[in-house]
Amino acid sequence: MCFLYFRFFYLEHCRFSVYGCLFLEEEARSFGIGEVLIDKLKEIGIENNCVNIQWQTPQFNERAIKFYTRMGAKGKDKVRFTLTL
């Protein structure tokens with residue numbers, strides 16, 4: 001099983017795409033599916049004049065970080081906030 005969703009945003013007159021979730025079940029990993037999905041996101045972003053694609057993953061998700069780095073992505077420091085209601 002695979003799950004992926006994304007949206008477009010504007011910030012400082014630049015359009016970018018944010019994807020909120022890329023998840024492959026363990027059995028589906030290491031077959032190149034993630035790479036195909038990232039390549040498709042890049043294609044969609046280019047077609048829609050985006051300057052970049054943004055997403056996040058927890059620091060403990062070392063496998064995902066290695067994958068994203070291998071795909072050419074650059075990690076950025078970020079502070080995440082939550083507000084309990």
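S30 sits in the loop between β2 and α1, in a model that is predicted, with local features requiring pLDDT of at least 70, side-chain atom pairs counting only at pLDDT 80 or more, and totals for chains, interfaces and linings using all residues. Residues are numbered from 1 along each chain as its sequence is written, and side-chain values use heavy atoms, with hydrogens and water left out. S30 counts as exposed because its relative accessibility is 66%; here exposed means over 50% relative accessible area, buried under 20%, and partly exposed in between, for a 1.4 Å probe and protein chains only. The side chain of S30 meets that of R63 in a polar contact of 3.1 Å. Such a contact is a pair of N or O atoms within 3.5 Å; within protein, one must be able to donate a hydrogen and the other to accept it, and residues adjacent in sequence count only if both atoms are side-chain atoms.

The backbone of S30 also deserves a look. Most residues other than glycine have a negative phi. S30, although not a glycine, has a positive phi of about 70°. N49, also a residue other than glycine, has a positive phi near 60°. This residue, N49, lies in the loop between α1 and β3 (53-54), and it counts as exposed because its relative accessibility is 63%. A positive phi, near 100°, is found as well at G72, which follows α2.

Turning to the overall fold, the chain contains 2 helices and 3 strands, arranged β-β-α-β-α from the N terminus on. These elements are DSSP runs numbered from the N terminus, with helices being H or I of at least four residues and strands E of at least two. Of the 85 residues in the chain, 19% are buried.

The largest nonpolar core has 10 residues, namely Y19, L22, L24, A28, L37, I38, L41, A64, F67 and Y68. A core of this kind is a set of buried Ala, Val, Leu, Ile, Met, Phe, Trp, Tyr and Cys residues joined through side-chain atoms within 4.5 Å. Two or more of its residues come from each of β2 (14-24), α1 (33-47) and α2 (62-70).

In α2, the buried residues are A64, F67 and Y68. They line one face of the helix, because they fall within an arc of 95° when seen down its axis, the arc being that of the directions from the helix axis to the C-beta atoms. On the other side of α2, E62, K66, T69 and R70 are exposed. Beyond its neighbours within four places in sequence, F67 is in contact (heavy atoms within 4.5 Å) with L22, G34, E35 and I38.

Finally, the aromatic rings: the whole structure holds 2 aromatic pairs. One of them joins F67 and Y68 in a tilted arrangement, 5.5 Å centre to centre and with 55° between the planes. Rings of Phe, Tyr and Trp (its six-membered ring) pair if their centres lie within 6.5 Å; planes under 30 degrees apart count as stacked, over 60 as edge-to-face and the rest as tilted. Together with W55, F67 and Y68 form one aromatic cluster.
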